[in-house]
Amino acid sequence: MTAASSASTKKPPGIEFVIGALAAVGAGCFTNPIDVIKVRLQLQGELEARHTYKKIYKNTLHAGYLIAKHEGIRALQAGIIPALYFQVVLNGIRLGIYNTAKNYELITNNKGNTDVLKTAVLTGTSGCIGAVLGSPFYMVKTQLQAQSAQSIAVGYQHNYLGTWYAFKSLWKEGGIVALYRGWYANIPRLFVGSATQLTTFGLAADWLRSLQLFTDQPILLTFLASVIGGSCVAFTMQPFDVLATRLYNQRTDTGGKGTLYNGLFDALIKILRTEGLTGLYKGIFPTWMRIAPHTVLCLVFYEKLDHFYSIL
């Protein structure tokens with residue numbers, strides 16, 4: 001059985017959740033460093049016009065070098081704990097729902113291939129559910145990844161001492177309301193991202209099977225289909241990714257309201273007015289470098305874990 005095809009035996013949805021969560025955690029361990037770099041590049045020159053500020057990070061490689069030089073190599077794994085918790089919530093839900101629906105032929109057409117509309121709606125909606133439920137983890141992850149040495153700092157610095165300290169501070173500040181501040185920030189990002197990623201993955205897998213390629217090599221088929229899916233999602237999701245980073249990292253006043261942005265639409269307008277359209281595509285290369293390998297690793301790990309479960 002493969003992640004790209006219907007299962008011969010239908011697993012309980014809870015098992016699909018566990019397999020999806022474990023696969024995502026494995027992928028997240030490898031891709032977190034590029035996520036740190038992506039966040040720094042997205043915050044650089046926040047609400048400043050092009051050519052009016054000094055670029056601390058010249059490009060992706062330079063950003064990685066500066067972070068390691070000024071903060072140590074371990075800084076490239078900043079926010080790894082909340083990042084992995086977020087992966088458990090998000091991809092446990094996304095992949096669990098996606099593969100359960102696929103196994104029960106809820107998102108396939110009468111030929112057994114991917115139904116684009118049904119798959120996009122289902123995966124986009126499941127991504128939104130995961131985004132909202134996992135919002136506190138994503139917020140803390142973003143704030144810890146943005147936190148840096150003063151000499152190379154970009155964006156607002158929350159100055160947390162660690163993951164536990166961050167959650168404790170937020171709870172003391174406003175309880176559940178503070179933890180879920182900006183809960184809406186990730187909804188468009190993960191609706192578009194999930195719908196693009198898993199729909200294109202399914203279509204690519206169907207296409208490869210129609211060519212009768214890799215019929216006896218399911219891991220290779222999953223690998224190639226996920227490369228296509230991961231590459232597509234980087235470009236469709238990028239503007240919403242920048243919005244989410246800015247909204248989650250912004251400074252808040254004593255009432256818990258953001259001091260830079262009042263919401264998604266306000267953030268979008270302010271970024272376009274001051275930074276132009278290119279402001280929404282800051283960090284596009286590390287976004288691709290993160291999401292494409294993450295998609296590949298996540299779906300290939302899923303494939304292997306699914307196979308392991310099937311032979312138990």
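Trainee: How many cavities of 30 Å³ or more does the structure hold?
Mentor: This is a predicted model. A cavity is a set of points where a 1.4 Å probe fits but cannot get out. With a volume of 30 Å³ or more as the limit, the number of cavities in the structure is one.

Trainee: What is the volume of the largest cavity, and which residues are closest to its centre?
Mentor: The volume of the largest cavity is about 260 Å³. The lining of this cavity has 29 residues. Those closest to the centre are Q87, L90, R290, I291 and H294.

Trainee: Which helix gives the most to the lining of the largest cavity?
Mentor: Several helices each supply at least two residues of that lining, including α1 (13–43), α5 (135–146) and α8 (218–249). α3 (80–103) and α10 (284–310) belong to the group as well. The most, eight residues, comes from α3.

Trainee: How many residues of the largest cavity's lining are nonpolar, polar and charged?
Mentor: Ala, Val, Leu, Ile, Met, Phe, Trp, Tyr, Cys and Pro count as nonpolar. Sorted by class, the lining of the largest cavity has six charged residues and ten polar ones. The nonpolar residues number 13.

Trainee: Which residue with a positive phi follows α7?
Mentor: The phi of this residue is near 60 degrees. The residue that follows α7 is Q212.

Trainee: Which residues lie nearest the centre of the largest pocket, and what is the pocket's volume?
Mentor: The largest pocket is lined by 21 residues, and Q44, Y53, K55, K282 and G283 lie nearest its centre. By class, the lining divides into eight nonpolar, seven polar and six charged residues. α10 provides the largest share of the lining, three residues. The volume of the pocket is about 360 Å³.

Trainee: Is T119 buried or exposed?
Mentor: T119 is placed in helix α4 (residues 116–133). Buried means under 20% relative accessible area. The relative accessibility of T119 is 0%, so T119 counts as buried.

Trainee: Which backbone oxygen does the side chain of T119 reach at 2.7 Å?
Mentor: A polar atom of the T119 side chain lies 3.4 Å from the backbone oxygen of I107. Not counting residues up to four places away in sequence, T119 touches Y98, I107, T114, G124, L198 and T199. At 2.7 Å, the T119 side chain reaches the backbone oxygen of D115.

Trainee: Is H51 buried or exposed?
Mentor: H51 is found in the loop between α1 and α2 (60–71). Its phi is positive, near 70 degrees, in a residue other than glycine. The relative accessibility of H51 is 75%, so H51 counts as exposed.

Trainee: What is the phi of E105?
Mentor: E105 sits in the loop between α3 and α4. E105 has a relative accessible area of 55% and is exposed. Its phi has a positive value in a residue other than glycine, near 60 degrees.

Trainee: Which residues are in contact with I80, leaving aside its neighbours within four places in sequence?
Mentor: I80 is found in helix α3. Its relative accessible area is 21%, so I80 is partly exposed. Leaving those neighbours aside, I80 is in contact with G28, C29 and N32.

Technical notes
Residues are numbered from 1 along each chain as its sequence is written. This is a predicted model: local features need pLDDT of at least 70, side-chain atom pairs count only at pLDDT 80 or more; totals for chains, interfaces and linings use all residues. Side-chain values use heavy atoms; hydrogens and water are left out. On a 1 Å grid over the protein atoms alone, a cavity is a set of points where a 1.4 Å probe fits but cannot get out, and a pocket is an open set with protein on both sides within 12 Å along at least five of seven lines; lining residues have an atom within 4 Å of a point. Grid points are joined across faces, edges and corners, and a volume is the space filled by probe spheres set on the points. Helices (H or I, at least four residues) and strands (E, at least two) are DSSP runs, numbered from the N terminus. Buried means under 20% relative accessible area, exposed over 50%, partly exposed in between (1.4 Å probe, protein chains only). A polar contact is a pair of N or O atoms within 3.5 Å; within protein, one must be able to donate a hydrogen and the other to accept it, and residues adjacent in sequence count only if both atoms are side-chain atoms. Contact means heavy atoms within 4.5 Å.
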